[in-house]
Amino acid sequence: MTQTRDRIAPSPTGPLHIGTARTALFNYLFARRTGGAFVLRLEDTDVARSTVAFESDILGGLHWLGIEWDEGPDAAAGPDRGPYAPYRQLQRMARHQAVAGELLAGDLAYPCYCTPAELEADRKAQEAAHQAPRYVGRCAQLTLEERAAKEAAGQRGALRFRVKPGVVTWNDLVRGDIEIDTANIGGDFVIVRSDGTPLYHFAVVVDDADMAMTHIIRGEDHISNTPKHILLFEALGFPLPAFGHLPLILNPDRTKMSKRKSQTAIADYIAQGFVREALVNYLALLGWSTGTEEEVLSLEELSGRFDLEHVQKGGAVFDRERLEWLNGQWIRRLDSDDLIARLEPFLQRELDAGRIDRLPDPDELRALLPIVQERLPRLDAIGDLVGFLWVDDLRPDPAVLVPKRWDAATTRDALAAARTTISDAIGAIDWEADELEPPLRALAEGRGWKAGDLFMAIRVAVTGRTATPPLFDTLVALGRDRTLARLERAVELLPAASEVPAP
RNA sequence: GCCCCCAUCGUCUAGAGGCCCAGGACGCCACCCUUUCAAGGUGGAGAUCACCGGUUCGAAUCCGGUUGGGGGUACCA
């Protein structure tokens, strides 16, 4: 069997979309699994909406995910790589026009001079008559003389492909046999605009054929376009690739995932601290399964297991909760250096936003990992989790400082005692978690306090929050001086017993 | 409207005639661990397999219909 070739053909008219990323992933996995080639082609024929910035976002996003292609442009506005260059549709226009010329010469296509107003009127009439909208064929039988007259009058025709009556059938890789009567595809369709630029339906077919694609794996929204493509492949005498249509990714209300109702830009997920492994893992499992009970899988592992047989037919609702769970799973699996490096931009962001006053160095971060790694659902949670370590002026809320069962005076007393206990112990103990705990427990016991209440008061005094990593590890990370200073500050924030007005 | 696709716990899914009065995961609840929060462990609630009819000794699995949902209907991609 010859090598399989498949592709992702994004259009740089928007940022990399979750759906595009998943289609790219499935094509990538299929190519890896079958030992084939995965190609990236930019469909930039919609000049009005395409931008280099979007191109950059798309290519950058796919690189970030680790979905690498064997052929195609590697960077926005960069050079192409591969035997079928160029891989930018716009640069292939001469080829498209040449092929269109063949179709015209063979009378498989014809110029159409209908105005937008005429076409609109046709559509309205059909709608009123409860008919499927289709091109009525007004220009289908124009003689050469009639065409020449219109051209002479300055009219520029769009090129329409002649759709033959009949039924188009294909065996879809994920859905099995599908047949569609060509009477239902809207009549002769435009393949080249009146300005000479090719349309999507035409350009994809020429490019897919030129680039020797064997498998077209794309979204379900293309099912009704497939007959047009097959007709074109046949008219052009190109070998027909296999088609497979993936289920759509859905909004919670089960409509096609959209920017309006869901977060769709990959860049947003990156900015929120999702890691590539989790995103890839999650996307692979949206509409596909291993057929086993494995679910935490790397790109490598997915590449070895992927198959079209286990692709689901029904659409899949995007479930952020599950993505977050997988994200936690993968963050916990990252090795120290890797995690530290990935945390860096998020810490920088905390600094830029003024939420912390300095950046920890890698070693400081490394020491923190044992208590931080399993508590991060996303990388952007680092500030919330331990940002208090890098804040100069911590001012805990006095109301939060007082444990539930205590009053302000008791808390003040306890915090002062804790400060003394710690300060007295210095020299006798090492500043380590398991050495800090016993004296403070003894203090609580001696005063008849529940250890948990004392610890909570200390926790809030030194971190400003009630939910933190383990207390004694936190004190170690904070250091002796700052621990004592923060305890002292907290005591000052609380009224002494004599200051509390009698009830 | 017309054409096409789809239909298993709230969600993602396993299941390709008997192993299923349906298994796993997320989420939820409880308990354990525990100084808080996580993580982890254990257990639980949660699906008459959309509905109706057929085929069969036997159907979530095959067939037909119904209903529901979705997608497409451009000189966008």
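At what angle do helix 16 and helix 17 pack, and how far apart are their axes? The model on screen is predicted, and the tour starts with this pair.

**Stop 1: helices 16 and 17**

Select helix 16, residues 408-425, together with helix 17, residues 433-447. The two pack at an angle of about 140°, and their axes are 10 Å apart. Angles over 145 degrees would count as roughly antiparallel, so helix 16 and helix 17 are oblique to each other. Their crossing is right-handed.

Now show side chains at the contact. From helix 16, pick Asp 413, Ala 417, Ala 418, Thr 421 and Ile 422; they meet Pro 439, Leu 440, Leu 443 and Arg 447 of helix 17. Colouring by class gives 6 nonpolar, 1 polar and 2 charged residues.

**Stop 2: helices 17 and 18**

On the helix 17 side, select Leu 440, Arg 441, Leu 443 and Ala 444; on the helix 18 side, select Ala 451, Leu 454, Phe 455 and Ile 458. This contact holds 7 nonpolar residues, no polar ones and 1 charged.

**Stop 3: helices 16 and 18**

The axes of helix 16 and helix 18 come within 10 Å and cross at roughly 80°. That makes helix 16 roughly perpendicular to helix 18.

Which residues meet here? Thr 411, Ala 414, Leu 415 and Ala 418 come from helix 16, and Leu 454, Ala 457, Ile 458 and Ala 461 from helix 18. By class, the contact has 7 nonpolar residues, 1 polar and no charged.

**Stop 4: the largest pocket**

Switch to a surface view and go to the largest pocket, with a volume of about 1100 Å³. It is lined by 37 residues; to find its centre, select Ser 11, His 17, Thr 20, Asp 221 and His 222, the closest to that point. Two or more lining residues come from each of strand 1 (5-8), helix 1 (18-34), helix 6 (200-210) and strand 10 (215-219). Helix 1 gives the most, with 5 residues. The lining divides into 14 nonpolar, 13 polar and 10 charged residues.

**Stop 5: the second largest pocket**

Next is the second largest pocket, with about 300 Å³ of space. Centre the view on Arg 123, Arg 134, Tyr 135, Arg 160 and Gly 186, the closest to the pocket centre among 16 lining residues. Helix 4 (116-128) and strand 9 (189-192) are the elements that give two or more residues to this lining. Helix 4 gives the most, with 4 residues. By class, the lining has 7 nonpolar, 3 polar and 6 charged residues.

**Stop 6: two backbone details**

The peptide bond from Ala 85 to Pro 86 is cis, with omega near 0°.

Then move to the loop between helix 3 and strand 5 (109-112) and select Asp 107. Asp 107 is not a glycine, yet has a positive phi of about 60°.

Methods. Residues numbered from 1 in each chain as written. Chains lettered and ligands numbered in written order. Predicted model: local features only at pLDDT ≥ 70, side-chain atom pairs only at ≥ 80, totals over all residues. Heavy atoms only, no water. 1 Å grid on protein atoms, 1.4 Å probe; cavity = no way out; pocket = protein on both sides within 12 Å on 5 of 7 lines; lining within 4 Å. Points joined across faces, edges and corners; volume = space filled by probe spheres on them. Nonpolar A, V, L, I, M, F, W, Y, C, P; charged D, E, K, R; others polar. Axes fitted to C-alpha atoms, helices over the stretch in contact; angles between N-to-C directions. Contact = heavy atoms within 4.5 Å. Parallel < 35°, antiparallel > 145°, perpendicular 65-115°, else oblique. Left-handed = near helix turned anticlockwise from the far one by under 90°.
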